[in-house]
Amino acid sequence: MTQEPHAMEQALFLITLGLIFLGSLLADKVGHLTRLPRVTMFLLLGLLVGPSGLNLLPTSVTELFEPISVVALTMVAFLLGGELTRKNLSRHGRAISSISLSIVVGTTVIVWGGLTMLGLDPGLALLLGAIATATDPAAISDVIRQSGLRNGFTETLSGIVAIDDVWGLLVFSLCLALIDQSGSWAAPLLGAGRDIGGGILLGIGVGIPSAFLTGRLKQGEPLQTEAIGVVLLTAGVAIWLEVSFLVAGMTAGAMIANFARHHDHAFHEIEYIEWPFMLLFFLFAGASLELGALWALGWISLAYVGLRIAARLASGAIGARIGGVPRAQLHIYGPALLPQAGVAVGMALVAAESFPDWAAAIMTLTISATVFFEIVGPLATLVALRHVERAEQDR
């Protein structure tokens with residue numbers, strides 16, 4: 001008896017997902033043995049089975065990447081927003097604001113200046129500098145969770161990651177307006193205002209009712225069903241309204257953490273349900289990486305990556321000094337904030353659409369940097385966390 005094509009496709013889909021989850025267990029075990037971040041191991045596994053490797057993933061599975069990414073990143077945004085409590089901000093607010101702003105401004109200026117000195121068009125260099133400000137909140141958040149550490153450094157780092165892409169998007173929009181050849185300043189700035197402002201309003205609209213309504217069915221404990229429902233509702237409405245689901249999730253998480261008086265754990269239930277989504281997200285992200293981009297522009301790609309690293313180190317140290325962090329942490333925030341992913345690619349797509357003549361260079365440099373920082377960045381974050389842990393133990 002021959003099976004229908006639809007049944008075969010469904011079987012292949014389920015078998016592939018099963019093998020992905022089982023393969024991820026092996027990757028996680030290898031990560032423990034080698035002391036590498038599991039994020040890096042999942043990205044490498046995705047790279048192996050994706051188009052740049054063995055090309056084993058069927059189309060029916062890769063089509064899941066976009067919705068899985070939205071759900072996973074919205075969950076991360078909720079948890080990071082939960083770090084922006086009044087207590088945390090009163091203790092680390094100065095450091096969070098100074099380091100995040102220093103990183104964004106410093107990265108833009110240093111990458112722009114360096115690429116301009118190397119002969120790139122100043123306008124193109126400015127766009128690339130703004131794109132370089134983006135980080136990967138999912139990777140940094142997972143490395144923190146994997147480390148098991150909870151101290152002033154991880155609290156400050158989580159706060160920085162929660163808001164630095166907001167600053168980065170604002171700077172990117174400003175740079176886009178500065179060099180827009182059509183002379184229209186309003187469109188990029190209004191677009192950023194809608195994306196960020198709309199996300200904040202949506203987060204408030206979802207977060208405040210959730211703060212008072214969740215945790216009532218089982219006294220003091222928000223249910224997983226409630227957590228999933230609020231996350232999916234936030235992500236779906238954000239996409240429908242064409243506003244930032246990351247900003248909406250972060251704002252909603254902050255509202256719930258600050259206003260929910262009848263339960264202590266807010267939406268930490270998300271931590272127990274996010275892992276399958278995060279696993280698929282990182283694996284699909286690895287599968288989407290294009291190794292060819294790493295050397296497509298040769299020395300320019302290397303210069304761009306090197307300048308972003310230098311910018312992170314220098315501006316992170318300046319911001320940390322202004323923020324009054326402990327001496328042992330002064331030079332650690334830059335390395336910890338190296339991971340870069342989807343937000344940068346999103347900025348690059350907008351820039352490429354606005355400036356078609358630069359589209360190839362923008363996309364190639366952004367993707368090459370993403371390949372490098374997605375693989376190496378989480379390791380740098382883990383090394384930074386362990387450095388701070390050792391420094392605290394030696395005190």
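**Entry 1: a nonpolar patch**

I began at the surface, where Ile200, Leu201, Ile204, Ile208, Phe212, Leu213 and Phe259 form a nonpolar patch with about 620 Å² of accessible area together. For a patch I took residues with over 30% relative accessible area and no salt bridge, joining nonpolar side chains (Val, Leu, Ile, Met, Phe, Trp, Tyr) within 5 Å and like charges within 9 Å. A salt bridge here is a side-chain nitrogen of Lys or Arg within 4 Å of a carboxyl oxygen of Asp or Glu. Accessible areas come from the Shrake-Rupley method with a 1.4 Å probe, and for residues only the protein chains shown count as cover.

I noted that this is a predicted model, where local features need pLDDT of at least 70 and side-chain atom pairs pLDDT 80 or more, while totals for chains, interfaces and linings use all residues. Residues are numbered from 1 along each chain as its sequence is written, and side-chain values use heavy atoms, leaving out hydrogens and water.

Which helix gives the most to the nonpolar patch? I found helix α9 (residues 186–213), with six residues. Phe259 lies in helix α11 (residues 245–259). Helices (H or I, at least four residues) and strands (E, at least two) are DSSP runs, numbered from the N terminus.

Is Phe259 buried, partly exposed or exposed? Phe259 counts as partly exposed because its relative accessibility is 33%; buried means under 20%, exposed over 50%, and partly exposed in between (1.4 Å probe, protein chains only).

**Entry 2: aromatic rings**

Next I looked for rings of Phe, Tyr and Trp (its six-membered ring) with centres within 6.5 Å; planes under 30 degrees apart count as stacked, over 60 as edge-to-face and the rest as tilted. By this rule I get three aromatic pairs. Phe153 and Tyr333 are tilted, because their planes stand at 45 degrees, with ring centres 4.7 Å apart. Phe153 is in helix α8 (residues 152–179) and Tyr333 in helix α15 (residues 333–336), so the pair ties together parts 180 residues apart in sequence. Phe153 is buried at 1% relative accessible area, and Tyr333 is buried at 1% too.

Phe355 and Trp358 form a stacked pair, 5.2 Å centre to centre with 25 degrees between the planes. Both Phe355 and Trp358 are buried.

**Entry 3: the whole chain**

I counted 17 helices and zero strands in the protein chain. Of its 395 residues, 54% are buried. The chain exposes about 17,800 Å², and carbon and sulfur atoms supply 67% of that.
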